[in-house]
Amino acid sequence: MTGAPITFDAVAQPLAELGWRPFPGHQETKIPAMQGWNGLNNAEWDRGDLAAAIAEYQPAEAYCCCLAIQTQLVALDLDITDTTHAETAAVLADEILGKTPLIRIGLAPKNVRIYRNAGGIRSRKLHPLEIFAGSGQIVGFGWHEKAGRPYKWPQASPLEISVDKDVIPLISRAQLDCFTSELFKLVPRRLLSTRQGRINGFGGPQTIGERLGMLTMLHGSWKRAAGIVLSEAVEGCRNETGWVVVASAAGNGVAEDLIWRLFERHFTGWGGFSESDLASAINRTRHVLQVSTTTFGVPSNSGGGNAIRR
């Protein structure tokens with residue numbers, strides 16, 4: 001469906017009749033415009049209340065249509081920007097979860113896929129994958145500013161298929177776990193930057209250095225932890241990942257040949273951090289480490305100045 005409507009009032013009534021849970025969002029920001037919208041994760045619209053909401057949220061062009069995801073549904077938000085990785089995710093989803101006709105595209109290759117919930121699936125964040133089931137929402141219809149066009153449903157949309165139709169694949173928790181396991185063997189997890197203002201270091205995303213430290217404690221092996229962190233490196237953070245791992249290796253006395261083997265085996269591409277960058281990082285950290293460990297000894301009995309020890 002490509003001649004897409006983009007406003008809440010244009011689609012809300014027919015969506016609700018098919019069992020979906022529409023509500024208004026701000027067209028410009030896609031932020032929910034209605035307070036208490038998350039009540040729709042657990043309850044359907046009252047017909048009169050929906051009519052009142054359609055009349056209230058005007059002018060119509062100011063409001064897109066969001067969809068609250070009820071427990072009976074699973075929405076997979078694949079926030080993958082690399083085309084090859086996005087194609088890999090699509091193939092895995094079709095093979096493991098089944099082919100859903102409900103695929104929504106905002107800014108390609110990112111997409112949302114909707115399934116029916118066989119039970120036991122709950123919302124969680126596994127960046128770049130976010131799972132919605134019984135909580136959360138997605139934009140169903142609206143104008144996508146960056147894409148310069150409406151959100152698209154290339155095969156079919158919720159305006160055509162009710163929430164309980166068998167054409168929407170029914171997936172289990174085991175299937176979803178299998179999908180995520182296979183996905184992250186081929187598509188790297190995304191690390192998020194540290195949030196400012198965290199209390200005692202808790203409650204926010206980890207830096208790459210924090211994750212390396214946590215994985216080292218978890219597995220009892222710096223080598224294994226470094227391999228995991230290197231395999232997670234994605235465009236935009238490869239340079240930082242490379243420097244963090246090399247600096248940590250220097251601090252842990254890791255041999256240079258082992259560093260090279262780890263990068264060659266686990267590093268997910270050299271864009272943004274070349275082999276010459278790795279060599280430079282190793283040389284610089286070696287120099288810094290030598291300087292920082294230089295101390296001055298007690299003057300020798302033979303006299304004359306300080307003896308340098310390393």
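**Pocket notes**

I sorted the lining of the largest pocket by residue class and got seven nonpolar, six polar and eight charged (nonpolar means Ala, Val, Leu, Ile, Met, Phe, Trp, Tyr, Cys and Pro; charged means Asp, Glu, Lys and Arg; the others, Gly among them, are polar). I kept in mind that this is a predicted model, where local features need pLDDT of at least 70, side-chain atom pairs count only at pLDDT 80 or more, and totals for chains, interfaces and linings use all residues. Numbering runs from 1 along each chain as its sequence is written, and side-chain values use heavy atoms, without hydrogens or water.

I read off a volume of about 570 Å³ for the largest pocket. Of its 21 lining residues, Lys30, Arg104, Val139, His144 and Tyr151 are the closest to the centre. Two or more lining residues come from each of β5 (111-117), β8 (137-141) and β9 (143-144), and β8 gives the most, with three.

**Strand notes**

Next I checked β2 (residues 63-68), and six of its six residues are buried (under 20% relative accessible area with a 1.4 Å probe, protein chains only). Tyr63, Cys65 and Leu67 point one way from β2, while Cys64, Cys66 and Ala68 point the other way.

Then I looked for its partners. β1 (residues 22-26) pairs with β2 in the antiparallel sense over five bridges (pairing takes at least two DSSP bridges), and Gly25 has Cys64 as its bridge partner. β2 and β8 also run antiparallel, joined by four bridges; here Cys66 is partnered with Val139.

How values were computed. On a 1 Å grid over the protein atoms alone, a cavity is a set of points where a 1.4 Å probe fits but cannot get out, and a pocket is an open set with protein on both sides within 12 Å along at least five of seven lines; lining residues have an atom within 4 Å of a point. Grid points are joined across faces, edges and corners, and a volume is the space filled by probe spheres set on the points. Buried means under 20% relative accessible area, exposed over 50%, partly exposed in between (1.4 Å probe, protein chains only).
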